[in-house]
Amino acid sequence: MQEYQRPAAAPGQLRLHLNENTAGCSPRVIEAIAALTPEDVAFYPDYDAVYEEAAAALGVAQDSLLLVNGLDEGILMAAVLAMRERPPEGRAEAIVIQPAFDMYAISAEACGVAPVHVPPRPDFTFPLDATLAAVTRRTRVVYITSPNNPTGVRVSNAAIGEVARALPPSAIVFVDEAYHDFCGDTFAGELASARNVVVGRTFAKAHGLAALRVGALIGQPATLAPFRAVTPPYSLNVCAAAGLRAALADRAQLDGYVSEVRASRAVVYEFARHRGLEYWESGANFVLVRVGPLAAPLVRHLREQNILIRDKSGDPGCDGCIRITTGLVAHTERAVRAMEAFLASRTD
Ligand SMILES: *Cc1c(COP(=O)(O)O)cnc(C)c1O
């Protein structure tokens, strides 16, 4: 069975390989955690305030929201539910559109659900026809990521809606919007007429809460009910609940970071254009660039300079590609200077 390999990192390295918030979370998050009392830690957490504030921030009703221990937990719960609805013959299936975030196939396999991989189009636009063709009576979940990781390419709501309409009765579309804050796209506005769609969000990326583990599922109350039933009742710990409230209250921190990310993406686009490298316009806080056969040596060279970027050459359709997190502009510029210097030394 496949297991997630945590990418290596050492203290002091510039982490541009996991799409984390390279500026750190809002200082208010640390203050909120420091203000917790011994009783707050000793008692099981109360979620009234965090649900009220998170629902308001996300623009949904509280009964359309389920807070989870990182979006990874939501992804796992979708696989758990897929396993419960057994087809009369064969295994339940989870459709995964490639290239994809690792946790869909890992979670599906952990639950005995067969991952069914849809190959990418060369330009990484959403392969709607191939996805529809992969749907069978055994399909229980379709994981769609928008913007996608590792490409940054967005998926239209119309395409998501078409997949949803093509599914057998007990199947759902799980729309992973981990990078929603960096582009604003969302399927959430369409959920009123989409009974079999769940939208997933995380506060790990734009809000900088990766180590606290906070994510959210949004869907019609009846669609979320089975997710509530299989999610442990206290899966959000007290630090995560307090930290999320503080992060949501600091809108300026989020807006400031999102504009850094936008400027950072432009720095990488400019680098790619200057070098004549293929890249994909990203709706997220990273950019995929095709550097060719130098991808692996480039990633190694940057690691020697304590800059971590991700070699994505092994992902379907991503031959010769690296993925670089675009956070603070100063960090992006440092990485781009190192990439420029390396490529100049190898090609000029
Ligand atoms: C980072 C990421 C997640 C994981 O979010 P957590 O809240 O940290 O579990 C989920 N989906 C995608 C596409 C991601 O890139």
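The protein chain exposes about 15100 Å², an accessible area from the Shrake-Rupley method with a 1.4 Å probe, where for residues only the protein chains shown count as cover. The model is predicted: local features need pLDDT of at least 70, side-chain atom pairs count only at pLDDT 80 or more, and totals for chains, interfaces and linings use all residues. Residues are numbered from 1 along each chain as its sequence is written, and side-chain values use heavy atoms, with hydrogens and water left out.

The fold comprises 12 helices and 13 strands. These are DSSP runs numbered from the N terminus, with helices (H or I) of at least four residues and strands (E) of at least two. The radius of gyration is 20 Å, close to the 20 Å that the globule rule gives for 348 residues, so the protein chain is as compact as a globular protein of that length. The radius is taken over C-alpha atoms, and the rule is 2.2 Å times the number of residues to the power 0.38. Along its principal axes, the C-alpha trace spans about 60 × 55 × 35 Å.

Of the 348 residues, 54% count as buried. Buried means under 20% relative accessible area, exposed over 50%, and partly exposed in between (1.4 Å probe, protein chains only). Contacts (heavy atoms within 4.5 Å) were examined for residues at least 6 apart in sequence. Of these contacts, 73% join residues at least 24 apart. The protein chain has 32 positive and 38 negative charges, and their mean positions are 4 Å apart. Lys and Arg count as positive, Asp and Glu as negative; His and the chain ends are not counted. Each charge is placed at NZ of Lys, CZ of Arg, CG of Asp or CD of Glu.

R245 belongs to helix 9 (residues 238-249). With a relative accessible area of 36%, R245 is partly exposed. Leaving out residues up to four places away in sequence, R245 touches A49, V50 and E53. R245 also lies 8.0 Å from V29, C-alpha to C-alpha, although 216 residues separate the pair in sequence.

A search of the whole structure finds zero disulfides, the criterion being a pair of cysteine sulfur atoms within 2.5 Å. For C183, the nearest cysteine sulfur is that of C318, 19 Å away. C183 is partly exposed, at 22% relative accessibility. C318 is likewise in no disulfide; the sulfur of C321 is the nearest, at 5.1 Å. C318 is buried, with a relative accessible area of 0%.

Two cis peptide bonds may be described. One joins Q98 and P99, with omega about -10 degrees. P99 sits in the loop between strand 3 (93-97) and helix 5 (103-110). Another joins S146 and P147, with omega about -10 degrees. P147 falls in the loop between strand 5 (139-145) and helix 7 (157-165).

Positive phi values occur at residues other than glycine, including N19, where phi is near 60 degrees. N19 lies in the loop between strand 1 (14-15) and helix 1 (27-34). At 1% relative accessibility, N19 counts as buried. F124, not a glycine, has a positive phi of about 65 degrees. The loop between strand 4 (114-118) and helix 6 (128-134) holds F124. F124 is buried, with a relative accessible area of 7%.
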